[in-house]
Amino acid sequence: MKRLAGMGAYRLSFYLKKHDGDSFLEKYKGVLNSDVDDEEITDIEKNYLDSLLFELSPINRVIRLLIQNPNRFSNAVGLSEAACLPENRIAIATLELSLLLHMSEEFGELFRILYPKGNGAVTVGLTSKLLYGEDFCIDNPAAVGKAYKALSFIFNLRATATDILSEAIIVDNRMIDYLGFGDDILLLGNSFIEVPELTGAESFERVFRDEAMQNVSRQLEAYEKIGAENNVPVVTAIGEIKSGRKYLLKKIAEQNNHELLLVPFFEFSDFANVLYKCRRIFREALLTERALCITDIETDEHTGMLIDIVVREYERVLEYAHKCGVSGPAKSRPLYLSGDLRMKIAPYIDRLVCQVECKTPTMTEAANAWDYFSEKYLDGKKLNSRELAVKMKLPYGKIEQIVRKLRYSPAGDFYDSKYIFKCCYELLDDGRYDNIKRVEARYTIDDLKLDDSQKSVIMDICNQVEYRRKVMDDWKLRSRYSYGTCVSALFSGPPGTGKTMAVHVMAGILGLELYKVDVSQLVDKYVGETEKRLEEVFKRAEKSNMILFFDEADSIIGKRSEVKDSNDKYANTEVSYLLQRMEEYDGIVILASNYSQNIDSAIMRRIRYTVHFPLPSEETRREIWESAFSSSVPLDRIDFDYLAGQFEFSGGQIKNVVLNTVFMAAAEDKPVSMKHIIRAISLDLTKDKKVAFHAEDLGKYSYLLDYPIE
């Protein structure tokens with residue numbers, strides 16, 4: 001860098017000596033040289049250029065970018081001759097003077113005097129005057145324009161400058177660092193350009209499918225060899241966040257002898273300044289000899305148009321760099337893109353587009369990933385990879401993120417699947433969905449007072465999840481059930497009979513999170529809104545591998561009616577959409593309804609299991625009455641046989657009565673007695689004004705209502 005600034009000092013010294021600038025030569029004698037003559041500066045310039053162009057250094061790459069070489073000189077002598085063409089000489093000298101001004105700002109005063117229009121800055125007008133005299137810019141505008149164009153690749157100049165002769169050309173800190181052989185990361189706005197490192201021996205090949213990588217590599221190789229065009233090919237990797245998109249692109253680039261420069265997409269999102277941003281980013285790719293990779297593309301209606309602009313500009317820069325001898329042909333340097341599943345590039349750009357999808361791993365691949373990362377991060381500790389792979393549908397990157405977090409967990413938690421599930425849900429729950437709420441599962445199978453046949457069905461539902469990998473992968477049934485693997489069940493019965501509790505029990509057995517769908521928030525009077533909200537619910541469920549619980553689902557899965565008007569038509573569409581989405585969902589969906597006869601028959605045919613929850617038998621009611629009181633509650637001769645036989649209550653009703661009873665006793669600071677229970681029962685029976693209540697309904701303890709509770 002000092003050599004470039006030194007050459008600028010020589011040029012300035014020669015000009016001042018020719019134009020009676022002795023006072024300035026004296027003032028800056030520590031930098032300028034009053035003895036330089038015409039022959040000497042010619043020899044210095046030639047030897048200096050020859051040495052720079054022979055070196056394999058950052059300076060060499062920068063100088064080559066400033067030498068516009070349409071005749072493609074093939075040797076260093078030719079390059080140095082090309083460097084002496086007026087447009088190239090002006091460009092190189094402008095770089096030199098910019099570095100000189102950067103090293104000593106006091107030269108600004110001198111430049112202001114020599115070229116007032118530049119206001120003390122280095123400009124192509126100033127440099128042209130120093131090299132060729134006052135009238136050169138007027139007589140040779142094309143040469144000056146070419147010099148400015150070449151400088152724009154180095155200095156990120158504005159393409160819309162109204163007066164290129166007076167446009168300030170200021171060397172930025174990144175270029176100073178680069179010419180000084182530094183390796184600082186380029187800062188762009190609020191983000192850093194990232195130079196990724198491949199992990200070599202610790203590569204992910206054990207668990208990552210590589211067929212797609214090989215296919216893309218073959219396409220790129222064939223295009224580079226036989227492609228008639230010199231257009232930039234585009235390689236896109238689509239998938240959800242943490243699905244391995246960047247890794248896949250890095251491996252494809254590695255196979256094609258490219259290193260990547262990763263830049264986040266939002267750096268290009270400003271249409272007004274996209275070309276300005278592009279130029280600086282492309283400069284970094286050229287100077288570091290890397291292929292550009294734009295990451296984290298979120299698709300909207302403008303994405304295709306924006307990518308087309310970026311591709312064309314990238315291609316133009318590569319073509320220019322190829323003419324300068326800095327880069328290979330444009331078709332040998334692909335543009336790599338990483339985006340979401342909606343990203344479609346091929347319809348918008350007339351270039352070769354190779355697209356690969358980073359799919360969520362299968363259960364076998366996921367199990368391999370859990371094993372791989374546990375070996376890498378947990379010092380060989382083994383996780384229950386089979387169970388985790390079956391119950392958690394995660395991309396590779398999130399599996400790695402969770403295992404890394406486990407390094408800091410308390411000892412022993414490595415083997416606790418429920419703890420790992422909790423970590424998974426903490427990572428997956430971004431809180432964006434208002435229509436579903438997480439419910440803490442607090443009940444066990446012992447709390448569920450059902451017949452053995454009903455409990456058996458619930459365990460069968462759980463086994464559909466527990467043994468999914470064995471059936472689908474080990475026994476190779478996945479190809480025969482490519483869709484319709486949703487584990488669905490309908491729980492029907494009167495209120496308070498245990499439907500919700502049963503779902504809690506399933507969540508506890510499986511160790512999965514339970515999310516309750518707020519059906520009232522789903523159903524919307526506006527056409528299409530209900531389907532849109534259902535789609536949000538299922539997308540959230542697919543990411544988090546939750547148990548999806550539709551309580552009181554009658555309003556959305558009721559019987560489809562005969563189409564008499566548009567309302568009937570759209571209501572039927574909602575049911576059809578739910579059926580379709582349930583079939584596509586690879587998880588657990590539980591629907592609860594108080595009246596199974598109201599459920600559409602098409603829904604019933606596609607539900608795997610139906611469990612009816614009737615009012616409990618007398619024996620079961622007695623168990624519920626007894627278990628509703630904890631061992632800490634003081635009791636005074638409670639007649640459980642009477643309570644179970646006299647009142648055909650649901651489990652929910654019994655719990656409500658018991659809770660009210662306990663508060664009555666606590667307020668009087670007495671043990672719970674039959675008086676408290678009878679009073680609580682009478683309050684519960686009189687809630688429904690449509691049902692007549694008589695004291696005789698209380699049976700042998702009806703007399704307790706005749707006396708105030710003391």
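Analyst: In helix 7 (residues 107-114), the buried residues are F107, G108, L110, F111 and L114. They span an arc of only 160 degrees around the axis, so they lie on the same side of helix 7. The arc is taken from the directions that run from the helix axis to the C-beta atoms. Buried means under 20% relative accessible area, exposed over 50%, and partly exposed in between (1.4 Å probe, protein chains only). Helices (H or I, at least four residues) and strands (E, at least two) are DSSP runs, numbered from the N terminus.

This is a predicted model: local features need pLDDT of at least 70, side-chain atom pairs count only at pLDDT 80 or more, and totals for chains, interfaces and linings use all residues. Residues are numbered from 1 along each chain as its sequence is written, and side-chain values use heavy atoms, without hydrogens and water.

The buried residues of helix 7 pack against helix 1 (2-18), helix 2 (22-27), helix 6 (86-103) and helix 8 (124-132). Contact here means heavy atoms within 4.5 Å.

Now strand 5 (residues 291-297). Six of its seven residues are buried. Strand 4 (residues 260-264) runs parallel to strand 5, joined by five bridges. Pairing requires at least two DSSP bridges between two strands. L261 has L292 as its bridge partner in strand 5. On strand 6 (residues 335-339), three bridges pair with strand 5, again in the parallel sense. There, Y336 stands opposite C293.

I294 touches V263, F265, F268 and V310, among others, leaving aside residues up to four places away in sequence.
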